[in-house]
Structure formats: C-alpha cells, structure tokens
Number of protein chains: 2
Amino acid sequence: MAKSDKKRGASFLNGVPNLLILKLLSRREMYGYELVRSIQQASGEALVFAEGCIYPLLHVLEEEGCISSREQAINGRTRLYYLLTGKGEQRLAEMEREWDRVRQGVVQALNWEPVS
Amino acid sequence: MAKSDKKRGASFLNGVPNLLILKLLSRREMYGYELVRSIQQASGEALVFAEGCIYPLLHVLEEEGCISSREQAINGRTRLYYLLTGKGEQRLAEMEREWDRVRQGVVQALNWEPVS
DNA sequence: TTGACATGCCTAAAAGCTTTAGGTATAAAT
DNA sequence: ATTTATACCTAAAGCTTTTAGGCATGTCAA
C-alpha cells in the first residue's frame, strides 16, 4: 500500500453523534437501534454511526442525567426507550450553539480573503 | 468535581485544522507560526489550534506530498515556509467536499421533521 | 543589563471520540 | 433449517487534538 493511500481519518464527525442523539430525542422517545437508523435517515444518508458509537454514548448521557430510559417489551424483545431530560435540553442548546459557532468559523475561514 | 462537570470534548473540530491549513496555503505561502494565528484571525477568533496540533500536521502533509517547504532566514530566526502542491490542491478539494457533505448532513438532521 | 515577552521551531504523553470487530439473544422470512 | 433483521452490549484499535513542556533568538522596558 502506497504511502499516499494511508487512511485519512479527519472526518469532521467529532461530537456529531452526541448532538444528533440529543436532537432526535428532543422530538420523541426513541430506542438505541432506532436512533442508529434515524440519524442515517434524517441526514439524508450522509451520516452513519456504528452501534458501537451510539450505545456507549447513550449510557454516558444517561449517567450525566441528560436522558432517561424506560424499558418496554415488544414482541418478546426488550427495547430501551430514551427521552431528553431538562438537563438534556440545556445540553442540546449548548451543543447547537457550539456547532453553529464552529460551522461559522470554518465557513468564514474558507471564504477569508487575506488583506494584501 | 461533580460528575456533571466532566470534560465534554466533543468539539466538532476533528479534521478542521487539516482543512484550514490546506486552504490558507492554497492562497499564499505561510510558515507554521503564522498559520496558527492566521487560522484564528481568518475564523473571526472562533477557531484556535495549538502549535502542538499544527506543526505535526504540517510534517505529515509534507511527507504525503501535499505541501512543500522552503527555509528562509529572517532577522536571525529561521522560518519554514510552506506552499500547496498539485496533490495538495486535490486533497483540499476532497476535504472541502467532505466538509460540505457533513455540514449538510448535520443541518438536514437538525431540521428534520419526523413523518408522524 | 537584565527580565519579560513575543517570535519560531519542535516533541511526547494524555485525553477524547469513532471505528472495527466482535458477542448474545429472539423473531421473521426463505 | 438457515439466514436475515432486530436489539442490546463491550473492548481494543485508530485518529486527532490538547496539554505541557523544551530550545533559541530578538525586542522592549525597567
């Protein structure tokens, strides 16, 4: 494998799963497996995150008190439904602001014309 | 320190230094120390990356052949000026496309209305 | 002239997040 | 009966940025 073919993991995705989980759960209750596919769908197939990313994030968010869970049995399978808490709403607002701040910063830098 | 006060590093910055270095160097030759401050300035003070992030990235990009360097002595200090190569232009185009793809995906997901 | 600060380069360890690559179990479909 | 989809989970690897230094020269004020 040529040196130029090395993986370039700089994928602009850091923090996006966290933001989108909170956003989707602010609209309605969802369970983990559902979130994985809903993020994909909601982003127009642009964003796909592995279960190995989503499930641990849900556990952290619940520990932090940003979401709460409720168990429900469906067809013999058990689903863990999550929903945003008040604290989660605050966190979501913070993250949306931060996303916008970064987005604007990048856009501005990309369009920046150096003062000659 | 309360559990809720833990560091939340999800900062949406992954890959941004790489993108902006290439973008700024596509406009004119710059040296590392200059890049650190130019990124900050060009983003309207929104984005600040440490030297410990920028310098190693420059070395990697040069190894990959995306940028080339030229040494110049100024006032007894030595500056390493970098400039984009043809390959670097390609890489920049790829990364701009990827940034846009992710940006659009996030915007779409944030504005997404679930079909009830 | 000495002390502080900005310039200009560098690196290694720590911290953080996502991917990869599994594992377990039940229901549905072929 | 076997494969596929559902539904949960975790640990290790892989990448990137931050933190926290180090080294050396020039400038400016005290």
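**Salt bridges and the interface**

Modeller: Over all chains, the structure holds 12 salt bridges. A salt bridge here is a side-chain nitrogen of Lys or Arg within 4 Å of a carboxyl oxygen of Asp or Glu. This is a predicted model, in which local features need pLDDT of at least 70, side-chain atom pairs count only at pLDDT 80 or more, and totals for chains, interfaces and linings use all residues. Residues are numbered from 1 along each chain as its sequence is written, chains are lettered from A and ligands numbered from 1 in the order in which they are written, and side-chain values use heavy atoms, with hydrogens and water left out.

Biologist: Which residue forms a salt bridge with Lys23(A)?
Modeller: Glu96(A), with the closest N and O atoms 3.0 Å apart. Lys23(A) lies in helix H1 and Glu96(A) in helix H4 of chain A, so the pair ties together parts that are 73 residues apart in sequence. Helices (H or I, at least four residues) and strands (E, at least two) are DSSP runs, numbered from the N terminus.

Biologist: Is Lys23(A) buried or exposed?
Modeller: Lys23(A) counts as buried, at 13% relative accessibility. Glu96(A) is partly exposed, at 25%. Buried means under 20% relative accessible area, exposed over 50%, and partly exposed in between (1.4 Å probe, protein chains only).

Biologist: And what does Lys23(B) pair with?
Modeller: Lys23(B) forms a salt bridge with Glu96(B), the closest N and O atoms being 3.0 Å apart. That pair links helix H1 (residues 16-27) with helix H4 (residues 86-111) of chain B. Lys23(B) is buried at 13% relative accessibility, and Glu96(B) is partly exposed at 26%.

Biologist: What does Arg28(B) meet in a salt bridge?
Modeller: The side chain of Glu34(B), at 3.0 Å from N to O. Arg28(B) is partly exposed at 35% relative accessibility. Glu34(B) is buried at 14%.

Biologist: New topic. How many salt bridges cross the interface of chain A and chain B?
Modeller: The rule finds 0 there. There are 12 residue pairs in polar contact between the two chains, both residues at pLDDT 80 or more. A polar contact is a pair of N or O atoms within 3.5 Å; within protein, one must be able to donate a hydrogen and the other to accept it, and residues adjacent in sequence count only if both atoms are side-chain atoms.

Biologist: Which element gives the largest share of chain A's side?
Modeller: H4(A), with 16 residues. The residues on that side of chain A divide into 18 nonpolar, 11 polar and 14 charged. Ala, Val, Leu, Ile, Met, Phe, Trp, Tyr, Cys and Pro count as nonpolar, Asp, Glu, Lys and Arg as charged, and the others, Gly among them, as polar.

Biologist: How many residues are in contact?
Modeller: 43 residues of chain A with 43 of chain B. Contact means heavy atoms within 4.5 Å.

Biologist: What do the buried residues of H2(A) pack against?
Modeller: H1, strand S1 (30-31), helix H3 (51-63) and strand S3 (77-84) of chain A, together with H4 of chain B. Among those buried residues are Leu35(A), Val36(A) and Ile39(A).

Biologist: What phi does Phe12(A) have?
Modeller: A positive one of about 65°, although Phe12(A) is not a glycine. Most residues other than glycine have a negative phi. Phe12(A) sits in the segment before H1 of chain A and is buried at 1% relative accessibility. Phe12(B) also has a positive phi of about 65°, and is buried at 2%.
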